Amino acid sequence: MDSYSIIEQFSYPGLFFLLILGGLGVPFFPEDLILIACGVMISVGIIKPIPAILISYTGLILSDFMLYWAGRKFGRKIVTNQRFEKILSPAKFLIIEKKFRRHSTLIMLLGRLLVGFRTQVFLLSGITRVSMAKFLIIDSFGSAVVLTIMVTAGYLGGKFLESVKKGMLYMEYIAGFLAVMAIIIILIYLSYRYVTKSNNIS
């Protein structure tokens, strides 16, 4: 079952749950695709915009904070843990840590905006003891930017697909009408040929 089907079936709880999973790095549910799916569903009226946006925003910040809290609670021990080694190995940690301490604000902001870099940055924010207030302010801003871009892209994409679908439906109607007209014209022509041929014989 894909993200779209889960959101369609479970509505807002499904959207929230998927964003938590995506934010924690579960590969089958990337945040960006979930937000795009959210925009598509808003465009076709499956979910309402205001609750969907509020739930999405809460899900993004909560999942980011969970990673931050894990890094803050377990500290450098988390780097040597086998479960987190694929996300943030000791070698990666040493490379990123020096740059992070110099440019923590910029890296946290980029971490929220760049795919594949978020989990590492949020864990690192906790490990290096970035203040909770600073983390939440930067993450709130970055999440708002990502949410706006992705949901808007999904919404516009959904509207485009809907218009294409309607256009295809109109084309089917036109094609059906032309086919019926062609059959009528052929029948009229054959009838005319038959009548004129009969008159010539008589």
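Predicted model: local features only at pLDDT ≥ 70, side-chain atom pairs only at ≥ 80, totals over all residues.
**Exercise 1.** Classify L113 as buried, partly exposed or exposed, and name the surface patch residues.

*Solution.* Start with location. L113 lies in helix α6, which covers residues 104–113. Next, take its relative accessibility, 34%. The buried class ends under 20%, and the exposed class begins over 50%. L113 is therefore partly exposed. Now look for a patch. L106, L110, L113 and L114 make a nonpolar surface patch of about 320 Å².

**Exercise 2.** Classify S104 as buried or exposed, and find which side chain it contacts.

*Solution.* S104 is also a residue of helix α6. Its relative accessible area is 13%. The cut-off for buried is under 20%, so S104 is buried. Then check its side chain. A polar contact of 2.9 Å links it to the side chain of K134.

**Exercise 3.** How many residues of helix α7 are buried?

*Solution.* Helix α7 runs over residues 118–127. Of its 10 residues, 10 are buried, and the helix is mostly covered. Among the buried residues are R118, Q120, F122 and I127.

**Exercise 4.** Which residue just after α7 takes a positive phi, and where does it sit?

*Solution.* Step past the end of α7 to R129. Its phi is near 60 degrees. The value is positive, and the residue is not glycine. Most residues other than glycine have a negative phi.

Methods. Residues numbered from 1 in each chain as written. Heavy atoms only, no water. Patch = residues over 30% accessible without salt bridge, like charges linked within 9 Å, V, L, I, M, F, W, Y side chains within 5 Å. Areas by Shrake-Rupley, 256 points an atom, 1.4 Å probe, with all protein chains shown as cover. Salt bridge = Lys/Arg side-chain N within 4 Å of Asp/Glu carboxyl O. Helix = DSSP H or I, 4+ residues; strand = E, 2+ residues; numbered from the N terminus. Buried < 20%, exposed > 50% of the residue type's maximum accessible area, 1.4 Å probe, protein only. Polar contact = N/O pair within 3.5 Å; in protein donor to acceptor, adjacent residues only side chain to side chain.
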